[in-house]
Amino acid sequence: MPTPSLSALPIRRLTLRDVTACADLSENRGWPREEHKWGLLLAAGTGYGIDDPQGGLVTACVVTEYGPRDRPDLAAIGMVLVAERHARQGVGRRLMRHVVAEMSTTPLTLHATPYGRPLYEELGFKVTGRAEMVLGHFKPGGTHPGVATRPATAEDLATILRLDEEVFGSDRTHVITRLPAFADQLRVAEENGRIIGYAAAWPNMETHVVGPLIARDTETAKALLASLAAHTDRPLRTDIDVRHDELLVWAKERGLAPVGFNAVMTYGVPELPGDWTRRFAPLTVAAG
């Protein structure tokens, strides 16, 4: 029986049963397998993919919607991957066109690598910002940020959700409420008994990824990052909005080396909602 052409293969919704296939696809393209992250994204968002008749996936991506369930006000697209042997045959473009059509009038955002950016620009996405990835073992030193931090408790969750919606600009309760189980650390910054920031560190292969990182100001962000680093032996990785240059300089002085840049892109909205001055790093670039 002849193998169907790529254009004839149906696009379907992915489920948690597809975590291994998604991880295999990541590995095929030279990315870490990241089963832990795929599990969160497929649980909190909607995966789309095309099955390869010879096994595995031809392509995949995940869309995480925010705001009211029946009328989301923002959706983040991430983990857009095409298997090596099917690359440069238009299948990624077909998948992205399908996702954009599925989202209808919902504003979209994504973090684009230099390799993927031309496709997204072709589809109508506009560059609205940049994030720099930094990675390394955090080295304590210098002036210690004078902001108190502590582990978050169950009683803090409602306050964290309110702060997150205010800063992110959309309700992402279905994602943030998964953080206590997903992350190895969830910490808050306090002033006079009031929470003024929070951050998580979650396991990703041999590293801990810091995200989200939401804070009243740069000193609070530094305190949260330093407190997370103090409770792990793993290298830290995070993606910091380049407008927060003071935090980036400080992080590099503390041992986090620059890895590369992603373009923050939007579709259907001129810029991201919320307050960027308090939004220092995303939970993950795949989900915003």
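A residue is called buried when its relative accessible area is under 20%, exposed when it is over 50%, and partly exposed in between, with a 1.4 Å probe and protein chains only. The other term needed at the start is the helix: helices (H or I, at least four residues) and strands (E, at least two) are DSSP runs, numbered from the N terminus.

With that in hand, helix 3. Its buried residues are Val91, Gly92, Leu95, Met96, Val99, Val100 and Met103.

Before I go on, a word on the source. This is a predicted model, in which local features need pLDDT of at least 70 and side-chain atom pairs count only at pLDDT 80 or more, while totals for chains, interfaces and linings use all residues. Residues are numbered from 1 along each chain as its sequence is written, and side-chain values use heavy atoms, with hydrogens and water left out.

Back to helix 3. After the helix comes Ser104, with a positive phi near 55°.

Next, salt bridges. Side chains of opposite charge can pair when their charged atoms come close. The cut-off here is a side-chain nitrogen of Lys or Arg within 4 Å of a carboxyl oxygen of Asp or Glu. How many salt bridges does the structure hold? There are 24.

Two of them involve helix 3. One joins Arg13 and Glu102, at 3.2 Å from N to O. Arg13 is in strand 1 and Glu102 in helix 3, 89 residues apart, so this pair links distant parts of the chain. Arg13 counts as partly exposed because its relative accessibility is 48%, and Glu102 is partly exposed too, at 38%.

The other is between Arg93 and Glu122, whose closest N and O atoms are 2.8 Å apart. Since Arg93 lies in helix 3 and Glu122 in helix 4 (residues 117-122), the pair ties together parts 29 residues apart in sequence. Arg93 has a relative accessible area of 32%, so it is partly exposed; Glu122, at 44%, is also partly exposed.

Elsewhere, Glu35 and Arg33 meet in a salt bridge at 2.9 Å, N to O. Is Arg33 buried or exposed? Arg33 is buried, because its relative accessible area is 17%, whereas Glu35 is partly exposed at 35%. Both belong to a network of salt bridges that also takes in Asp24 and Glu27.

Last, the largest pocket. On a 1 Å grid over the protein atoms alone, a pocket is an open set of points where a 1.4 Å probe fits, with protein on both sides within 12 Å along at least five of seven lines; lining residues have an atom within 4 Å of a point. Its volume is about 1100 Å³, meaning the space filled by probe spheres set on the points, which are joined across faces, edges and corners. Of its 37 lining residues, the closest to the centre are Trp31, Val80, Leu81, Thr113 and Tyr115. Helix 3 and helix 4 are among the elements that give two or more residues to this lining. Which element gives the largest share? Strand 4 does, with six residues.

The second largest pocket has a volume of about 390 Å³. Among its 22 lining residues, those closest to the centre are Asp241, Arg243, Val264, Leu272 and Arg279. Strand 6 gives the most to that lining, four residues.
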